[in-house]
Amino acid sequence: MAEVGKGVNAGKLAVNVQKRLSRAQEKVLQKLGKADETRDAVFEEMLGNFNKQMADGTKLQKDLKAYVVAVKTMHDASRRLQDCLADIYDPEWFGKGEVDSLAEDTDTLWLDYHQNITDKSLTCVNSYLAQFPDIKARIAKRDRKLVDFDSARHHFSSLQKGKKKDEAKIAKPAALLEMAAPSWAQGLISAHQVAQTNLSYNQAEEELGRAQKVFEELNVELQDELPALWDSRVGVYVNTFQSLAGQQEKFHREVGKLSQNLNDIMTKLEEQRQEKKGATAAGKTSDAGKSEDANHSQSTVSSPKRPGRLPPRLMPSPDQRQQHTGVMWDEASKSDADAAPQNLVGNSELPPGFLYKVKAIHDYTATDGDELELKIGDVVLVVAFDNPDEQDDGWLMGTKESHWLQKRDLSAKGVFPENFTQKV
């Protein structure tokens, strides 16, 4: 059995070697112009599309893998930064537990984001490219079978063209043997030569038929598959980038919430620090007549706090707070006697209860129906609260000067954060 196996393998090897030689010879003849080559313009266009599609898909896969690696790098950097914050954050500071929790939540978001783009976007591209090697191998096989078909076609054609010559060659020896052999022997010789010629012709025709069939089967399959594959790229790109965009949007939305929470914690921490400084400064002020201006100055460095309301997120810059504080202390340095005529002038053109004017140094968006919306540069006429007990720390009551000059009523008055304004 081993000998039979060796014989079969040797036979297949010999056949394969012969095929390679025949194909090489055929390609040489085609390049030299001594043999025509079967061309298919439609298939060549499909082949060009296939090569471009495979190159584009490979580039997309490479760049997407690089993006996933970059996300992993950003995740590592984010984790180290969050760990650093947790390490340097004093335990007695505001929001220590929340800071530690934010670090864990942020790390989880990065892990999910990395895993999702790997499982959905990258996996989609990998599956898409997995079909190209098989199709590429069948295209190469089709090219080989086309060469075999051309070779068989040329061989059969040469036999057809040389048939008359072969018949003449068969007749010649019969004439030469005419004198040396009896007539019956001459007939046998001619019949044998004709049979040999017909056998070669029939074998070439059969070989041509087989080569044509194999080639056409491969060709038809590929002509059906390649256009469908070419069209499928659109769906792959849509799924890949739609999934990626969705994961990005979700990730940044959730990270944005955590970032806002962290920002609120930092703001509150700064408020507490400023409150301590303000309390120290207030303790040194013993003049009861200056309490109102002292409170006003103190509010410029601390965000207003109203029950049930979040303080305004926008804080004045350090330079603006310093400038504002300087103005407030300058105002506070004036005597009550000088301040009263300026503020409580009792002019009929000013609203009842008018105290003084302020100018908005930051935009403020109202978050409640009783609040006054401010734009930078707005001049506000500060008035006293109808019920002083309703006044919250750091908030003033007033109406815009432009509204008062036009309407002469206090219907549009409202409260606003004092540290968003500067006394004029």
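Helices (H or I, at least four residues) and strands (E, at least two) are DSSP runs, numbered from the N terminus. With that in hand, here's a quick tour of a predicted model whose protein has 10 helices and 5 strands. Residues are numbered from 1 along each chain as its sequence is written. Because this is a prediction, local features need pLDDT of at least 70 and side-chain atom pairs count only at pLDDT 80 or more, while totals for chains, interfaces and linings use all residues; side-chain values use heavy atoms, with hydrogens and water left out.

**Confidence**
- The protein averages a pLDDT of 78, where pLDDT is the predictor's confidence in each residue, from 0 to 100.
- A score of at least 70 goes to 67% of the residues.
- Over residues 294-311 the pLDDT stays under 50, and the model has 54 contacts beyond four places in sequence for them (contact means heavy atoms within 4.5 Å).
- Residues 315-345 also have a pLDDT below 50, with 47 contacts in the model beyond near neighbours in sequence.

**The whole protein**
- Of its 424 residues, 33% count as buried (under 20% relative accessible area; exposed is over 50% and partly exposed is in between, using a 1.4 Å probe and protein chains only).
- Take the contacts with a separation of 6 or more: 74% of them join residues 24 or more positions apart.

**Helices H2 and H4**
- The axes of H2 (residues 41-88) and H4 (residues 132-161) come within 12 Å and cross at roughly 150°; axes are lines fitted to C-alpha atoms, for helices over the stretch in contact, and angles run from 0 to 180 degrees between N-to-C directions.
- That makes H2 and H4 roughly antiparallel to each other, a label for angles over 145 degrees.
- On the H2 side, Phe43, Leu47, Phe50, Gln53 and Met54 make the contact, and H4 brings Phe132, Ile135, Lys136, Ile139 and Arg142.

**Lysine 96**
- You'll find lysine 96 in helix H3 (residues 96-130).
- Lysine 96 counts as buried because its relative accessibility is 19%.
- Its side chain reaches the backbone oxygen of tyrosine 89 at 3.4 Å.
- Leaving aside neighbours within four places in sequence, lysine 96 is in contact with Ala86, Tyr89, Asp90 and Pro91.

**Arginine 233**
- Arginine 233 sits in helix H6 (residues 183-283).
- With 22% relative accessibility, arginine 233 counts as partly exposed.
- Beyond its neighbours within four places in sequence, arginine 233 is in contact with Gln53 and Tyr128.
- Arginine 233 and tyrosine 128 are 105 residues apart along the chain, yet their C-alpha atoms are separated by 8.4 Å.
- A polar atom of the arginine 233 side chain lies 2.6 Å from the backbone oxygen of tryptophan 230.

Definitions and conventions:
A polar contact is a pair of N or O atoms within 3.5 Å; within protein, one must be able to donate a hydrogen and the other to accept it, and residues adjacent in sequence count only if both atoms are side-chain atoms. Angles under 35 degrees count as roughly parallel, over 145 as roughly antiparallel, 65 to 115 as roughly perpendicular and the rest as oblique.
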